[in-house]
Every structure is written in structure tokens, then in C-alpha cells.
Amino acid sequence: MRKCTVSIITLCVTAVTTNNANACTGITLRANDDSIIAARTVDWSGSKMNNMYVISPRGHTEQSLLPDGTRGGMQFTAKYGFVGLGMQQPEFVVDGTNEAGLNVGLFYFPDFGKYQSYDAKYRDKTIADFQVVSWILSQFSTIDEVQNAIDTVRVVNIDPTASTVHWRITEPNGRAVVMEIIDGVPTFHNNPIGVITNSPNFDWHMTNLDNYVNLYPGRAMPTPFGPIKLRSLSNGTGLRGLPGDFSSPSRFVRAAFLKTYSIPQPTAQDTVFQAFHILNNFDVPFGASYNLGKATFDMPSATQWTIATDTANHTVYYHTMYNRALRKIDMNKIDFANVPFQSHPLDITETETIIDAIVTR
């Protein structure tokens, strides 16, 4: 049984245990043509990650990492090809979409989730949490199929001291759920609002929205105030009090209001662009992730990449902290029956794409 390198396990554990390191925000939008766009940020301020995209064909076999440092866990062979974006190594897909249009994303979920304890006698049905996205994308086409299968596997941490994650699963018809494992039991929450962040649990976030019942789009009306009248100083005052910090509860509220009040766009591609505009509000300046003077890395942003997937037309778009130009992966051009399993860096060169706007004659 092949041992994993110490560096790989260290990187994986670090990525899910450092406080305030991961502040991912996800939204789902519907276009007027009923196309569904699943979009999200990936935020990690601990270090520059080895960010990559992965093309996985039908028939590809993957084996899970285990807490004992081996690749001796569950094996699964792909029924569906998929494209995903991930980090550190190709097995760790963070967000992806398969041939059936099913989209799955992994989000940091510290302190509230709890997996089953690792037991070596169940190693052939044990899977690391950072490989669950690949497993779902390679095996299933619907949420119901995932729900029927999740009890047949045991999800564990690579390191028992590491924190947990939860998952957003979205069908191309717009149905979305959040899967959380609490006290070893998988739970599926319907996600009618189409938003996900991090801890606490999803139900708590939905209840917390009631604290913002006073918010509404547009301009607040003048209000009598004793002998004077208070007036709005600008447009947008109806959302005064919308939280602007980068905590998980605040990002959930902000994402819920911004996506709910955004104007539906006519097409899938228009909605992809809209998703990136909304998620610009969640781009974390690097220094904001640490106490003053404590940032140890020099990166353009703690938001290392942002992805928006057109699940109807099977097209993936992304940009990174190094290059805000949109890149596109058209899954329709991939022969998933014959393409080899492969991974590639998200950035060929870590520089912004700049176009000279001056036209000379």
C-alpha cells in the first residue's frame, strides 16, 4: 500500500485547520432562459495554493487517502466525466461539474461538523472529505442519487485533528441542497435561497436572515423626526445595515440580499457575468484576514480564485487573484470517453492581462 508524502498531508490539514483562513462564498443564479449558474469564491490566506483545473474522464479510477498516510481507502471508477477546480493535488477538487450538469462544491465548516471516526476495518468504504466532490461528480447525476448513496460510505478527515467541510450540490434544474455531516450523520438541507458560506450550520444562517427583515432595495423614504424630516443622502439606503465584514454569517446575509435583489439576466452567459459582479463584493483584501501587522504572506488577495459554472451549457468560467481576465473551459469540446485524466495550473503566468486602450491611426 503506497504511502502519501508528508508534505501533501501537511498541506491538506493546514488548509482546513487555520482560523480565519477560508472564507468561501457561494451563490446560485437563474437566468430568464432558466439556465442555472453556480458560482463561488475560494478564499485562503494561509499561503499561495497550488491551484489547478482537472479534467477527469469516464472510467478513471481514484482511491482515497486515509489518516494512516496510505492511499488504501475506497476505490471508485467514474461513470461520468467532469471538470473541476482544485488545490494542492488533482484529487482535491473543490468545485466541479460533471457531464450530467451536476455541480458540487466544498466549503470550510469548522467547529460544527463531525465525521465518523476512522476505523481501519472499514477502509474499503472510507473516503477523505477532500475527495467527496470527485466521488459525487464521478458517480451521480442527481441529488437523490447522492442521498441514497451517502450512507454507504464513511467520510473522514485525512488528519483526525482537522476541521470539517460541508458541500453544496446543485442540479441543472436549479434544485440545490447543502450536505452537512454532524455527529457522524449526513444531513441534506434544501437551499431555496441559493447561498452558502461557512459555519454555523445552514439552518442557523437561514434563521439569522430574520434579523434583517428591515432591509429592502432602493432608497429609504423621508421620515418625520420631531421638528425635522430625515432624508436619504443617496440611493441604496434601504440596505443600510447590511453587514460588510468578512465573517461567515455576514457574508451569508450580504450574499442573500445582493443575489435576491439582482435583476435576472436574459441568458446564461449574461448571468455568468452577473455572478462575477456580485462575487466582487466578497473579494477579501489579503490584510483583512489577519490582525494588523500579522500577515505573513504577500499575495494580491485572500480570494485566490472565483468560479462560475453554466450548468445548462456545461461551461466553466474562472478568474484568479493574479489575473482577473475570465478563462473558459467548454466541456462540450471534451471527449470524456477518451481524454486522459489531467490537471493544469489555473494561471500560465501570474500577471494581469492588460489591454492597451489607445487606438492609434
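Modeller: A search of the whole structure finds 10 salt bridges, a salt bridge being a side-chain nitrogen of Lys or Arg within 4 Å of a carboxyl oxygen of Asp or Glu. Please note that this is a predicted model, in which local features need pLDDT of at least 70 and side-chain atom pairs count only at pLDDT 80 or more, while totals for chains, interfaces and linings use all residues. Residues are numbered from 1 along each chain as its sequence is written, and side-chain values use heavy atoms, with hydrogens and water left out.

Biologist: Which residue meets Arg-123 in a salt bridge?

Modeller: Its partner is Asp-68, at 3.3 Å from N to O. Arg-123 lies in the loop between β8 and β9 (126-128) and Asp-68 in the loop between β4 (61-63) and β5 (75-77), so the contact ties together parts that are 55 residues apart in sequence. Strands here are DSSP runs of E with at least two residues, and helices are runs of H or I with at least four, numbered from the N terminus.

Biologist: And Glu-91, with which side chain does it form a salt bridge?

Modeller: Glu-91 meets Arg-71, at 2.6 Å from N to O. Glu-91 is in the loop between β6 and β7, whereas Arg-71 is in the loop between β4 and β5, so this pair links parts 20 residues apart in sequence.

Biologist: Are Glu-91 and Arg-71 buried or exposed?

Modeller: Both are buried. Buried means under 20% relative accessible area, exposed over 50%, and partly exposed in between, with a 1.4 Å probe and protein chains only. By contrast, Arg-123 counts as partly exposed at 22%, and Asp-68 as partly exposed at 32%.

Biologist: Let us turn to the strands. Why is β7 described as largely enclosed?

Modeller: In strand β7 (residues 93-98), 6 of the 6 residues are buried, so the strand is largely enclosed by the rest of the structure.

Biologist: Which strands pair with β7?

Modeller: Strand β6 (residues 82-87) runs antiparallel to β7, joined by 5 bridges; two strands pair if DSSP finds at least two bridges between them. Val-83 stands opposite Thr-97 in β7. Strand β8 (residues 103-108) also pairs with β7 in the antiparallel sense, over 3 bridges, and there Asp-95 stands opposite Gly-105.

Biologist: What about the turns?

Modeller: The hairpin of β6 and β7 has 5 residues between the strands, and Gln-88 takes a positive phi near 70°. The hairpin of β7 and β8 has 4 residues between its strands, with Gly-101 in the turn at a positive phi of about 90°.

Biologist: Now the aromatics. How many aromatic pairs does the structure hold?

Modeller: There are 5. Rings of Phe, Tyr and Trp (its six-membered ring) pair if their centres lie within 6.5 Å; planes under 30 degrees apart count as stacked, over 60 as edge-to-face and the rest as tilted. Among them, Trp-135 and Phe-140 have ring centres 5.1 Å apart and planes at 90°, so that pair is edge-to-face. Trp-135 is buried at 4% relative accessibility, and Phe-140 is buried at 10%.

Biologist: Why is the pair of Phe-257 and Tyr-261 called tilted?

Modeller: Their ring centres are 5.9 Å apart and their planes at 55°, so the pair is tilted. Phe-257 and Tyr-261 are 4 residues apart in helix α5 (residues 248-261), separated by about one helical turn.
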